[in-house]
Amino acid sequence: MAAESASATLADFIAALRASDVWVSPAESIDAHRVLAQVGYDDRVLLRDALAATLAKDARETSRFDACFDRYFQRWRLGGAGAVTGQAATADLESLILTGDAAGLAMVLEAGMQSAGAGAVTLITQRSLAVRRTLDAVGLRVLEARIAALKASASLQDLTRAQTLAEGRERLFAAAQAMTDRQLALFGAETGARLRERLLARRAFSAIPAEDIGTMQALVRRIARRLAERYGRKRRRAQRGRLDVRNTVRRSLAHEGLAFDLIWKRKSLDRPQIVVVCDVSRSVAPAAQFLLLFLYCLKAAVARLDAFAFSDRLASVNDLLEQSDVEVAIAEVLERIGLRPTDYGQALMGLFAAGGPRLDRHTTVIVLGDGRCNYSDPRLDLMRRLAEQTRSVIWLNPEPRTYWDQGDSRMADYARFCRVAETCNTLETLERIVEGVLRAYHPR
């Protein structure tokens, strides 16, 4: 195989690995090309082991690497796909069918897919078009015209030849579809998963199907950890500081202009201190479990996280959130405290009783609830005190704004004391609001 074609094949394989959730960095990609230059494609077992040692970082990635390698290099088992151009391959399509050369047809289809640009199939809706483009590139229309001409002949030999070519055309269709399906398996998995996750992130918490709860929990964890890493890096950069050129030059004058002492400008960034108050009544419970999980995964970026849950009474759930299986802990919170009529006045009284001194100007309070007091005293005096005593109050309401203040809702009264009061019933909205809280502690 020519060096350029071999390099392109490896680059395509690395793209397939990334689609299979095996992350390959640019540096690792360069290492893989160096490995290929040493071992070549002749010994497939050696190639697989060498690339796996270079690109797979753990047992999970090794398993995915092996599966992806086998799928990607299936075509080599058909006799090898050399560097064949589309024009050269299509010239002998009729003879390949008549002689039953399966390996030759595989090479023709491979070349046709590359020349037609039909290999990058990521969605099932692209399948039919990719198959058609591949077949057009290998000369299917010419073959069909040839079959029609032979059928028009009165010669028995021509009719027999036409029948053989027609059967070969059907096999060619099936082979092109199988090759396209292989490309979908290689490159479409990541696209499909990302599309599904993007749709889940925009779906109301209360409408998440039971079969997608596990996927949603994994997505919540990943987004929260990404935010934690992002703001952790900002804090580390701030601690490291920037070179203070003016004062460094001034200090160097005592050493004949030599910069012996470097002076750094450093900013002091507060780590967020967050108090979460979650309504876990029946109407809000679906959103509450995802908010608690989201903030639990943010603990690395937060100096202090105090979590409270309430329905008719308020209780600290810090101890439960310290458990290793946080999903089980949240289910226990809902069972122990939730699914009862809400009393926001009692919840505010319990919050000051439990966390009074810690509700200071360094603390952001995040309230998740629909503001429905069941016609009890909303204790707006305590809400005012909470807003005056803390850094800010963020209220996340899972109900649409058009439902606010209908029936027993006192949302407009509570919103007057909040820096932010928004509808929050999707993961996408939750991420945006929580990131805004973190950004407030990490000014640009």
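# Cut-offs applied: rings, charges and burial

Me: What makes Phe65 count as buried?
Reply: Its relative accessible area is 0%. Buried means under 20%, exposed means over 50%, and partly exposed lies in between (1.4 Å probe, protein chains only). So Phe65 is buried, at 0%. This is a predicted model, in which local features need pLDDT of at least 70 and side-chain atom pairs count only at pLDDT 80 or more, while totals for chains, interfaces and linings use all residues. Residues are numbered from 1 along each chain as its sequence is written, and side-chain values use heavy atoms, leaving out hydrogens and water.

Me: How many aromatic pairs are there, and why is Phe13 with Phe65 called edge-to-face?
Reply: There are eight pairs. For Phe13 and Phe65, the centres lie 5.7 Å apart and the planes make 80°. The pair links distant parts of the chain, with Phe13 in helix α1 (residues 3–19) and Phe65 in helix α4 (residues 59–72), 52 residues apart. Rings of Phe, Tyr and Trp (its six-membered ring) pair if their centres lie within 6.5 Å; planes under 30 degrees apart are stacked, over 60 edge-to-face, the rest tilted. Therefore 5.7 Å makes a pair and 80° makes it edge-to-face.

Me: Is Phe13 buried or exposed?
Reply: Phe13 is buried, and so is Phe65.

Me: Why is the pair of Phe65 and Phe69 called stacked?
Reply: The centres are 6.1 Å apart, with 25° between the planes. That angle falls under 30 degrees, so the pair is stacked. Phe65 and Phe69 are four residues apart in helix α4, so about one helical turn separates them. Phe69 also counts as buried, at 4% relative accessibility.

Me: Which residues form one aromatic cluster?
Reply: Phe310, Tyr344, Trp395 and Tyr414.

Me: How do you know that Arg385 lies over the face of Phe352?
Reply: Arg385 is 4.0 Å from the ring centre. A charge sits over a ring if NZ of Lys or CZ of Arg is within 6 Å of the centre and within 35 degrees of the ring normal. The 4.0 Å meets the distance limit.

Me: What makes Glu61 and Lys57 a salt bridge?
Reply: N and O are 3.4 Å apart. A salt bridge needs a side-chain nitrogen of Lys or Arg within 4 Å of a carboxyl oxygen of Asp or Glu. So this pair qualifies. Glu61 is buried at 6%. Lys57 is partly exposed at 44%. The whole structure holds 17 salt bridges.

Me: Where do Arg146 and Glu94 meet, and at what distance?
Reply: Their side chains form a salt bridge at 3.3 Å, N to O. Arg146 lies in helix α9 (residues 140–151) and Glu94 in helix α6 (residues 93–99), so the pair ties together parts 52 residues apart in sequence. Helices (H or I, at least four residues) and strands (E, at least two) are DSSP runs, numbered from the N terminus.

Me: Why are Arg379 and Asp381 called partly exposed?
Reply: Their side chains meet in a salt bridge of 3.0 Å, N to O. Arg379 has a relative accessible area of 22%. Asp381 has 43%. Elsewhere, shared partners join Glu28, Lys57 and Glu61 into one salt-bridge network.

Me: What makes Glu399 buried, and what does it contact?
Reply: Glu399 is in the loop between β7 (392–397) and α18 (411–415). Its relative accessibility is 14%, so it counts as buried. Leaving aside neighbours within four places in sequence, Glu399 contacts Asp370, Arg372, Trp404 and Thr423. Contact means heavy atoms within 4.5 Å.
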